[in-house]
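Work through the exercises below with the model open. Try each task before reading its solution.

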Amino acid sequence: MKFQIITLFPEMFEGVFAHSMLFKAQDKGLAQFQLINLRDFGQGPRKTVDDSPYGGGDGMLLKVEPLHKAIDFAKNSNPDAKVILMTPRGQKYMQSQAREFSTESGLIIVCGRYEGYDERVAQFIDQSVSIGNYVLTGGEIPAMVLVDSVTRLIPGVLGGATSAEIESFADDITIEYPQYTRPEEYEGLKVPEVLLSGNHQAVESWRSQQSQLITKQLNS
Ligand code: ADE
């Protein structure tokens, strides 16, 4: 799967892509990341990418033309890719959406910046995505969230059984049960007895109860 990220700050991604699961996914040839600098599509000698809003208002907006050109450039090498715009005005991101994205052959992710973007960019994207009801300074961190959550769902990226069914939010709501590892007791804090019992049925039923309990608490 090829991810192409259109951003004014490509360096922000370098550390994230160079470590852990995202690094391994590239290493195994299961994911490919291309950083596209929006500045390269800027206009005039100063490579301008932003301008003030019509009608007045604070701050600057990303201009439509550089965005359109950068998207076309990305599409050129991957015509079937889905184009996603990261924006707090997008559709709320959930695990089910990550699962859908993980079946695409490619994703072109556009990172918004400044106070926003010229709305006409909507003509050139397939979907806009928000990672939550709060405003970040740009779409870069949201894009990293999306890339991480999608890449780990690509078959073969995680070792062994991905256990997607028992992970938190497999159904967008249910939270995974708590887990413990050695030692059995730490500063008086004990691992729940049932987990040491060797009784698989009892363990399963405890886990299911815990999962339901935590899910209920978090959603009330
Ligand atoms: N850009 C700024 N805030 C954002 C958010 N919450 N989700 C996606 N993109 C954003």
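Buried means under 20% relative accessible area, exposed means over 50%, and partly exposed lies in between (1.4 Å probe, protein chains only). The model is predicted, so local features need pLDDT of at least 70 and side-chain atom pairs pLDDT 80 or more, while totals for chains, interfaces and linings use all residues. Residues are numbered from 1 along each chain as its sequence is written, and side-chain values use heavy atoms, without hydrogens and water.

**Exercise 1.** Is V145 buried, exposed or partly exposed?

Solution. Start with its place: V145 is in helix α5. (Helices are DSSP runs of H or I, at least four residues; strands are runs of E, at least two; both are numbered from the N terminus.) Next, take its relative accessible area, 34%. V145 is therefore partly exposed.

**Exercise 2.** Which residues of the largest nonpolar core touch the most other members?

Solution. A nonpolar core joins buried Ala, Val, Leu, Ile, Met, Phe, Trp, Tyr and Cys residues through side-chain atoms within 4.5 Å. This core has 28 residues. F3, L107, I109, L146 and V150 touch the most other members. Helix α5 gives the largest share, five residues. A second, separate core has 19 residues, including L8 and A74.

**Exercise 3.** Which residues is L146 in contact with, leaving aside neighbours within four places in sequence?

Solution. Contact means heavy atoms within 4.5 Å. The partners are I84, M86, Y93, F101, L107, I109 and V129.
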